[in-house]
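Here are some brief notes for a colleague who is new to this model. Please read them with the structure open.

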Amino acid sequence: MREKQREMVAAQIAYSVEKALIAEVELSPKPGLVDAHSTGAHHDMDLSLFLRSAKSLTPFFKQMAIVSWNHPIDQELREKIAEIGRQAEKAMLKATNGVNTHKGAIWVMGLLSSVISQKISGNESLDYPQLFETVGKLAAFPDSKFQTKQKSHGLVVKKKYSVNGAYEEAVLGYPNLAHALTSYESFSTDSKEQKQLHMLLVLMSTIEDTCVLHRNDETTLFKMQKLAYDASKCLLPNPSFSELLRFCQKKQISPGGSADLLAAGIFLVEVKSWEKKAKETIVFSFNISKTYKHPVCYKNNPKKLGE
């Protein structure tokens, strides 16, 4: 019975990650990022590429959730999910003909999938503070099997500008994502797309996005953050948001780090709904199994802003 529950929960987690990755890329319009209407600051990526990439990763997030079931948060688990993550990256590159679409998302979604599975198996709370604290603990264990002689763009940027990157954000327990989720919940609108774009703008205004710094410089990053902050203060479209769209296109800014965390935020919003429904039905594991649906082919039907 417990093995069946593990399979069902792992499948639900992986499917929800896939949905979140697709929801992120289809959300439109986004400053500098690939969406349903534009390739943003990219010339080698489009919507169809991201959809193929997202679907190629689903089996690996399921594997991470399976190995994390009833597993303590320790060095062994960290290395298990790291190895699966490397396999996921190879699958992504094969699906995209070598284009890096979701490397950052594999990192954050892998950690979240692992911790969520581990907590569900132990009947623990999925509240954000406890969740992020455990993610930080898991991320802090070293990946001793990982070796590379090449310096990534992120490492070069972190050293040059003395900023936090994806690793530091994870070890700290994703404080910027936690802040964005709080802002998402309090943003006054019934439009899911407006709330998601608001979360993206909050992330863009707070994180030191190494993707932006790699393509540009600190002055450009600060200008983008200021425009995103101003745009986040009211419903879209607004003048600051329109200026932000133009600025990102002119400077060829791609806030990829913010996009990865937006997808993670969309995923966590759904995860939180599981626990809410579980409290209504008393038995958490039964509810997860009941709500699971096998992944299906998505139709490209992006929603426009405000729908």
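At what angle do the axes of helix 4 and helix 5 cross?

1. The axes of helix 4 and helix 5 (residues 128-140) cross at roughly 115° and come within 10 Å. Axes are lines fitted to C-alpha atoms, for helices over the stretch in contact, and angles run from 0 to 180 degrees between N-to-C directions. Helices are DSSP runs (H or I, at least four residues), numbered from the N terminus.

2. This is a predicted model: local features need pLDDT of at least 70, side-chain atom pairs count only at pLDDT 80 or more, and totals for chains, interfaces and linings use all residues. Residues are numbered from 1 along each chain as its sequence is written, and side-chain values use heavy atoms, with hydrogens and water left out.

3. Helix 4 meets helix 5 through residues including Trp107, Leu111 and Val115. Among their partners in helix 5 are Leu131, Val135 and Leu138. Contact means heavy atoms within 4.5 Å.

4. Trp107 also forms an aromatic pair with Tyr167, 6.3 Å centre to centre, with 35° between the planes. Rings of Phe, Tyr and Trp (its six-membered ring) pair if their centres lie within 6.5 Å; planes under 30 degrees apart count as stacked, over 60 as edge-to-face and the rest as tilted. This pair is tilted. Trp107 lies in helix 4 (residues 103-121) and Tyr167 in helix 7 (residues 166-171), 60 residues apart.

5. Trp107 is partly exposed, at 21% relative accessibility. Tyr167 is partly exposed too, at 38%. Partly exposed lies between buried (under 20% relative accessible area) and exposed (over 50%), with a 1.4 Å probe and protein chains only.

6. Tyr128, Phe132 and Tyr174 form one aromatic cluster.

Conventions:
Helices (H or I, at least four residues) and strands (E, at least two) are DSSP runs, numbered from the N terminus.
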